[in-house]
Amino acid sequence: MSLFGLGSRNQKTFRPKKNTPSGSKGAQLQRHIDATLGSGNLREAVRLPPGEDMNEWLAVNTVDFFNQVNLLFGTLTEFCTPSNCPTMTAGSKYEYRWADGVTIKKPIEVSAPKYVEYLMDWIAIQLDDESIFPQKLGVPFPANFIDVVKTIFKRLFRVYAHIYHSHFQKIVSLKEEAHLNTCFKHFVLFTWEFSLIDEGELAPLYDLVESILQL
């Protein structure tokens, strides 16, 4: 689902889009997200709806933000290449190395597109695992669910940090900066509302994050 209009050239999604199962609790919450986003009030859109389960809310939004970042990066795949971006950086001070704790236990240096590929595959596996993201009503979330969600959001932030530091001029030339900024504002307000990313992780975009939170 594209929350904000994108031109036809941008419909190339980097990974298959994840859909909330129809008829599930998540589908109801997805409709709530769409309705509140339509009002243009992002601060209201991120708040836990009255009487709703926190884990359900986090789960539906995790899928949503995965899809958003997926779409955004999908518009840059011809520009973010191993030769243009040989390491996953956010400016000169920050470099990210990949490890998933399973097949790659020791962090390795990879190109930016390879990092994002690893990341999106890793998130997709989490989202498809019903022991982590249950699809049926009444099935409990795992005890470590919040930790899984925090790791997903921490790593999605790194994609935004790379886009802003390495590809913002390209985004501007494609006339997509308003869309990028709206998606990132939504992301920041949501992660701040539920304390999902440690402040130190936000350092590469701290001035931008601070300006969003002060609006």
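A salt bridge is defined here as a side-chain nitrogen of Lys or Arg within 4 Å of a carboxyl oxygen of Asp or Glu. The model on display is predicted, and a search of the whole structure finds six such salt bridges.

Select Glu109 and Arg97 to begin. The two form a salt bridge, with 3.3 Å between the closest N and O atoms. Both residues lie in the loop between β2 (95–96) and α4 (112–128), so the pair ties together parts that are twelve residues apart in sequence. Glu109 is partly exposed at 47% relative accessibility, and Arg97 is partly exposed at 44%.

Proceed to Glu130 and Lys136, whose side chains meet in a salt bridge at 4.0 Å, N to O. Glu130 counts as partly exposed, at 41%, whereas Lys136 is exposed, at 56%.

Next, select Arg158 and Glu201, a salt bridge with the closest N and O atoms 3.6 Å apart. This pair links distant parts of the chain, 43 residues apart: Arg158 belongs to helix α5 (residues 145–173) and Glu201 to the loop between α6 and α7. Arg158 is buried, with a relative accessible area of 11%; Glu201 is partly exposed, with 23%.

Finally, display helices α6 (residues 177–193) and α7 (residues 206–214). Their axes are 10 Å apart and the packing angle is about 75°; the two helices are therefore roughly perpendicular to each other. Highlight Phe184, Lys185, Val188, Leu189 and Trp192 in α6, which meet Leu208, Val209, Ile212 and Leu213 in α7. By class, this contact has eight nonpolar residues, one charged residue and no polar residues.

Methods. Residues are numbered from 1 along each chain as its sequence is written. This is a predicted model: local features need pLDDT of at least 70, side-chain atom pairs count only at pLDDT 80 or more; totals for chains, interfaces and linings use all residues. Side-chain values use heavy atoms; hydrogens and water are left out. Axes are lines fitted to C-alpha atoms, for helices over the stretch in contact, and angles run from 0 to 180 degrees between N-to-C directions. Helices (H or I, at least four residues) and strands (E, at least two) are DSSP runs, numbered from the N terminus. Angles under 35 degrees count as roughly parallel, over 145 as roughly antiparallel, 65 to 115 as roughly perpendicular and the rest as oblique. Contact means heavy atoms within 4.5 Å. Ala, Val, Leu, Ile, Met, Phe, Trp, Tyr, Cys and Pro count as nonpolar, Asp, Glu, Lys and Arg as charged, and the others, Gly among them, as polar. Buried means under 20% relative accessible area, exposed over 50%, partly exposed in between (1.4 Å probe, protein chains only).
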